[in-house]
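Try each task by yourself before you read the solution.

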Amino acid sequence: MNSWNNTARLEPPRVDGFGACMISGYPHLPEESFFSCFRELLEADLKAPVPHSTLSLGGFPISRVAKQLKKAIIGHPDFLLVQFGSTDITVSLKYSLLSRLGNQFHFSVKRPDSRSRSKSKSKAPTHMEPFRSSLARQSFELLKSGICRILSVEPIHGGASVYRESMEEICSGAYSGGAVPILLAPFPHGDRVSDSWARRYRDILEEIARIHHCIFVDTYRGLCDIPKEDLLLEDKLHLSLFGHRLVGKLIHEAAAERILQSMGHRKHKAGTAAIAA
């Protein structure tokens, strides 16, 4: 890949991050995040530091994220890396069954709040053991999958329509703020049912990216063949350090060429302006 020529005296494009807790590295250090890994690769291409900032909303469902978009583009990024979905694909059979009983017998059930487990604002790493599979776990997941299919159980925070509408709103808002969205597909999940929703949301996001001319990073298919013991941690949701590095490489493979092309376009515009002057 051709490197950007620093003699052009143009600043490298600004790439900001807008995502859930993993965009800031949780439960690892921020400098170990996939966003940091991606920037290191991009800076090697550009031979210059990449201006950036990160807005991490740990545990926020996608339906509440669009309201925070203005904060994410306040620095006027050229590209906005968007990573949401891990919270939204989570399926809780227990919550679904209790909610149905509550509707029938008129009592309320508190929705599980993933933010209580996400300390994304902390700079210290949180220790988690690697994901471990077992025959008992696999049997339970198979049983849960069958029950969820029979009862048409959807994720805790809404289904496909909520995800689609919210992501389209984020894309439109990013473009309005002058940023090209880089959309990350949901990562594989250690829970069989939640992982099936990750596949559905991946297809939705690919379609959104095609319609809105966004950069699509297929982090689901890029990771789904990796053993979950290597990819995930014990909560079945968060990425291992190895997983973060893989995601950083996938982002670079999908986005670097277009980012470098944008630099060529900016240099051409600057040269034309200089000639006119």
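The exercises below go from the whole chain to single residues.

**Before you start**

This is a predicted model, in which local features need pLDDT of at least 70 and side-chain atom pairs count only at pLDDT 80 or more, while totals for chains, interfaces and linings use all residues. Residues are numbered from 1 along each chain as its sequence is written, and side-chain values use heavy atoms, with hydrogens and water left out.

**Exercise 1: the whole chain**

Task: Find how many helices and strands the chain has, and what share of its residues is buried.

Solution. 
- Step 1. Take helices (H or I, at least four residues) and strands (E, at least two) as DSSP runs, numbered from the N terminus. The chain then has ten helices and five strands.
- Step 2. Call a residue buried under 20% relative accessible area, exposed over 50% and partly exposed in between, using a 1.4 Å probe and protein chains only. Of the 277 residues in the chain, 49% are buried.
- Step 3. Define a contact as heavy atoms within 4.5 Å. Among the chain's contacts with a separation of 6 or more, 82% are between residues 24 or more positions apart.

**Exercise 2: strand E1 and its partners**

Task: Work out which strands pair with E1, and in which sense.

Solution. 
- Step 1. Two strands pair if DSSP finds at least two bridges between them. E1 and E3 run parallel and are joined by five bridges; one place to look is Gly17, whose bridge partner in E3 is Leu81.
- Step 2. E1 also pairs with strand E2 (residues 54-56), again in the parallel sense, over three bridges. Here Gly19 has Ser56 of E2 as its bridge partner.
- Step 3. Follow the chain from E1 through H1 to E2: this β-α-β crossover is right-handed. That is, with the strands pointing away from the viewer, the path from the first strand over the helix to the second runs clockwise.

**Exercise 3: helix H7**

Task: Describe the span of H7, its surroundings and its two ends.

Solution. 
- Step 1. The expected span of a helix is 1.5 Å times one less than its number of residues. H7 (residues 192-212) has 21 residues and reaches 31 Å from first to last C-alpha, close to the 30 Å expected.
- Step 2. The buried residues of H7 include Trp197, Tyr201, Leu205 and Ile208. An α-helix has 3.6 residues a turn, so residues three or four places apart point the same way.
- Step 3. The buried residues pack against helices H5 (135-151), H6 (160-176) and H8 (219-223), and against strands E4 (180-184) and E5 (215-217).
- Step 4. At the start of H7, a side-chain oxygen of Asp191 comes within 3.2 Å of the backbone nitrogen of Val193. After H7 comes His213, with a positive phi near 60 degrees.

**Exercise 4: Arg202**

Task: Decide whether Arg202 is buried or exposed, and list what it touches.

Solution. 
- Step 1. Arg202 is in helix H7. It counts as buried because its relative accessible area is 3%.
- Step 2. A polar contact is a pair of N or O atoms within 3.5 Å; within protein, one must be able to donate a hydrogen and the other to accept it, and residues adjacent in sequence count only if both atoms are side-chain atoms. The side chains of Arg202 and Asp203 make such a contact, at 2.8 Å.
- Step 3. Leaving aside neighbours within four places in sequence, Arg202 is in contact with Ala185, Pro186, Phe216, Asp218, Tyr220 and Arg221.

**Exercise 5: cysteines and backbone**

Solution. 
- Step 1. Cys171 is buried, at 0% relative accessibility.
- Step 2. Most residues other than glycine have a negative phi, and most peptide bonds are trans.
- Step 3. His76 lies in the loop between H3 (69-72) and E3 (79-83) and counts as exposed because its relative accessibility is 60%.
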